[in-house]
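Have a look at the picture first, then read on.

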Amino acid sequence: MAKDPDMPTPEEIEAIKEFMDGKTTADIAAQHCTSRIYLEEENPDPTLIWGLLESLAVEFPDTQDKIVELLAAIKRLPNPTRDGKEHRIYTQKTFSDLGYFRADFYDYFTGIRYANPTIYHSGSKVSIPISWARVNAFSARLTANLIQDFRRYGVETIEDALDEKNLKENHTREFFLPAAANQLIFASYPIWNLRNDPKLEQYPMVLEWNRWKKNI
């Protein structure tokens, strides 16, 4: 069977599956599921792996801690080099920065956020409210474990849940409240200390911190 260039290879999928099943370590799985990216491609592109892991995290939320562990192991890998220099995707190193993961995840995250809360996520049997709660749990775990800094997403989710117009109807409450709860369950400490981070002072949501923090 020919390999689909728009899908992770069977070998990459199997490496991830073996790690999820406890048959191998995160470090070994990280090496195996990125070997094609590291060795073969002229322009290393890890986004197929990122997309697979994002989908797994939402479809099977019990895997989220393992996915976080695997991403941490990928960040420890040597970055691919091209022409004697560490390869970058825009400004991000392929593995140590999880090149393009943030942008790819943002598309996935906002795609759920702005979907109709009454429908199912595209290609999934999981309803949009459940998907939204799960993707927020995943982003919070990534933040808490220093994989990526998604505190901004967490604050936006909590702000949505505190917006009076979103609390008036059952379907919007069921969409926004569980997602906000997951941000506080899994990333309460980094979110709580957000206003102490001078790097984020430019964001309006930090300036409005006290307004919604008092409502929690």
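## Two helices that pack

Axes are lines fitted to C-alpha atoms, for helices over the stretch in contact, and angles run from 0 to 180 degrees between N-to-C directions. Helices here are DSSP runs (H or I, at least four residues), numbered from the N terminus. This is a predicted model: local features need pLDDT of at least 70, side-chain atom pairs count only at pLDDT 80 or more, and totals for chains, interfaces and linings use all residues. Residues are numbered from 1 along each chain as its sequence is written, and side-chain values use heavy atoms, with hydrogens and water left out.

So how do H1 and H5 pack? Helix H1 (residues 10-20) meets helix H5 (residues 64-75) at about 120°, and their axes are 10 Å apart.

## Salt bridges

A salt bridge is a side-chain nitrogen of Lys or Arg within 4 Å of a carboxyl oxygen of Asp or Glu. By this rule, the count is ten. In one of them, Arg 141 pairs with Asp 65 at 2.9 Å, N to O. Arg 141 sits in helix H7 (residues 128-144) and Asp 65 in H5, so this pair ties together parts 76 residues apart in sequence.

Asp 65, at 48%, is partly exposed.

Arg 113, Arg 152, Glu 156 and Asp 160 are linked by salt bridges in a network. Arg 113 and Asp 160 have their closest N and O atoms 3.0 Å apart.

Key
Helix = DSSP H or I, 4+ residues; strand = E, 2+ residues; numbered from the N terminus. Buried < 20%, exposed > 50% of the residue type's maximum accessible area, 1.4 Å probe, protein only.
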